[in-house]
Amino acid sequence: MAHRYINESAVYLLPQPLLGYMLPYKNRLRDRAVAADQRRAWDPQEAARHFIDLDRWGDSVFHCMPINWSDAILYYNEDSLREHGVLPWHTVTVYRRLVSAFAKGDAESVCRHAADLGHYLADAHVPLHLCSNYNGQFTGQHGIHALLESRIPEYFLNQMLVPFKRPQWIPDARLAIWDIIRESSAPLVRVFDCERSCRVTVPIPWQVSPIKQGSRLVRKESKEFVRCYDQCLGGLMGQRLYASIHNLASWWWSAWIEAGQPNGTLWKDKKTFGQKSNGFSIPVFEMGGIQVDSVISLRSLNQEFKECDE
Ligand SMILES: [Zn+2]
């Protein structure tokens with residue numbers, strides 16, 4: 001997924017005064033967007049934080065999987081939970097770290113956890129991070145992961161315009177992450193079917209072309225093939241990208257509110273705080289009271305969880 005692009009774009013959706021506090025850090029938020037992927041090299045726990053194999057837990061996963069990690073390890077074996085991915089629980093952990101970083105006024109921690117939150121949330125928006133056949137290895141569609149989350153944005157990112165949408169208050173991150181995962185995983189069948197149908201529609205010699213990567217030429221899916229796939233998916237990845245950016249702004253904003261709306265002038269990183277943006281206009285809207293009717297739709301999980309218990 002276009003992690004750097006998502007982290008940077010989300011800053012511009014923030015309302016004042018948070019926009020003013022975060023804008024000086026936008027380069028750090030962008031540059032650290034892939035730190036979570038880099039940690040895989042030395043942290044054996046890291047890989048499991050980027051996915052969840054929903055299919056390993058059966059159809060009732062959205063109703064029955066506990067939203068609290070402490071409950072999940074009571075009901076399921078911790079090793080299997082880790083083996084099949086801990087993305088939803090870890091994303092919430094990082095959100096909680098961000099709330100406490102805001103509350104402490106620690107700008108360095110705010111940047112670190114805000115950037116990581118952007119990474120994990122973006123992963124939760126990609127259908128192939130949510131199933132065990134994540135790279136088409138079980139269906140003879142090897143390479144579909146990069147095709148979906150990298151090739152499509154690479155080819156079409158410069159044509160995408162991020163619509164300005166006001167962030168929404170997230171009343172409970174533990175529920176909101178499962179809403180995102182449910183929405184992201186809904187088109188999984190289409191993701192595999194469309195790749196298969198484009199392999200038939202686009203003549204084989206036109207499916208790959210030499211693409212410049214740094215100073216090298218590599219063989220990758222051609223623009224014709226990527227276009228076929230994107231059109232078959234109905235622009236799905238563009239929609240997931242916009243949703244990632246909007247949700248990230250909503251989660252950052254909610255973390256800041258939950259931390260008590262700290263004043264950015266109290267943040268400890270005096271060196272970078274307070275730099276004014278220049279050269280462009282900033283969208284500003286009233287903070288006002290939180291619009292309770294604009295919350296992201298949530299399942300009433302406690303009730304459903306009881307049903308699973310019986
Ligand atoms: Zn990742």
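Guide: Of the 310 residues in the protein chain, 35% are buried. The model is a predicted one, and its secondary structure comprises 15 helices and 2 strands. Among contacts between residues at least 6 apart in sequence, 78% join residues at least 24 apart.

The helix packing may be followed through helix 14, which spans residues 236-258. Helix 10, residues 144-156, packs against helix 14 at an angle of about 90°, and the two axes are 10 Å apart. An angle of 65 to 115 degrees counts as roughly perpendicular, and helix 10 and helix 14 are therefore roughly perpendicular to each other. On the side of helix 10, the residues that meet helix 14 are L148, I152, P153 and F156. Their counterparts in helix 14 are M237, G238 and L241. By class, the contact of helix 10 with helix 14 consists of 6 nonpolar residues and 1 polar residue, with no charged residues.

The crossing of helix 9 with helix 14 is right-handed. From helix 9, the residues A114, L117, G118, L121 and A122 take part, and they meet S244, N247, L248, W251 and W252 of helix 14. The residues of this contact divide into 7 nonpolar and 3 polar, and none is charged.

Helix 1, residues 3-12, also belongs to this picture. Its buried residues are H3, I6, N7, S9, A10 and V11. These buried residues pack against helix 9 (107-124) and helix 14, and also against helix 2 (18-22) and helix 3 (26-31).

A loop residue provides a further detail of the packing. F51 lies in the loop between helix 4 (35-38) and helix 5 (61-64). A residue is buried if 20 or more other C-beta atoms lie within 10 Å of its own; F51 has 20 such neighbours and so counts as buried. Beyond its neighbours within four places in sequence, F51 is in contact with G85, L87, D123, H129, L130 and Y134. The C-alpha atoms of F51 and V86 are 6.5 Å apart in space, although 35 residues separate the two in sequence.

Strand 1 (residues 208-213) and strand 2 (residues 216-221) run antiparallel and are joined by 6 bridges. Within this pairing, K212 has L217 as its bridge partner, and Q213 is partnered by R216. The two strands form a hairpin with 2 residues between them, and G214 in the turn has a positive phi of about 65°. Of the 6 residues of strand 1, the number buried is 0, so strand 1 lies largely in the open.

Methods. Residues numbered from 1 in each chain as written. Predicted model: local features only at pLDDT ≥ 70, side-chain atom pairs only at ≥ 80, totals over all residues. Pairing = 2+ DSSP bridges. Helix = DSSP H or I, 4+ residues; strand = E, 2+ residues; numbered from the N terminus. Axes fitted to C-alpha atoms, helices over the stretch in contact; angles between N-to-C directions. Parallel < 35°, antiparallel > 145°, perpendicular 65-115°, else oblique. Contact = placed C-beta atoms within 7 Å. Nonpolar A, V, L, I, M, F, W, Y, C, P; charged D, E, K, R; others polar. Buried ≥ 20, exposed ≤ 12 C-beta atoms within 10 Å, placed from the backbone. Left-handed = near helix turned anticlockwise from the far one by under 90°.
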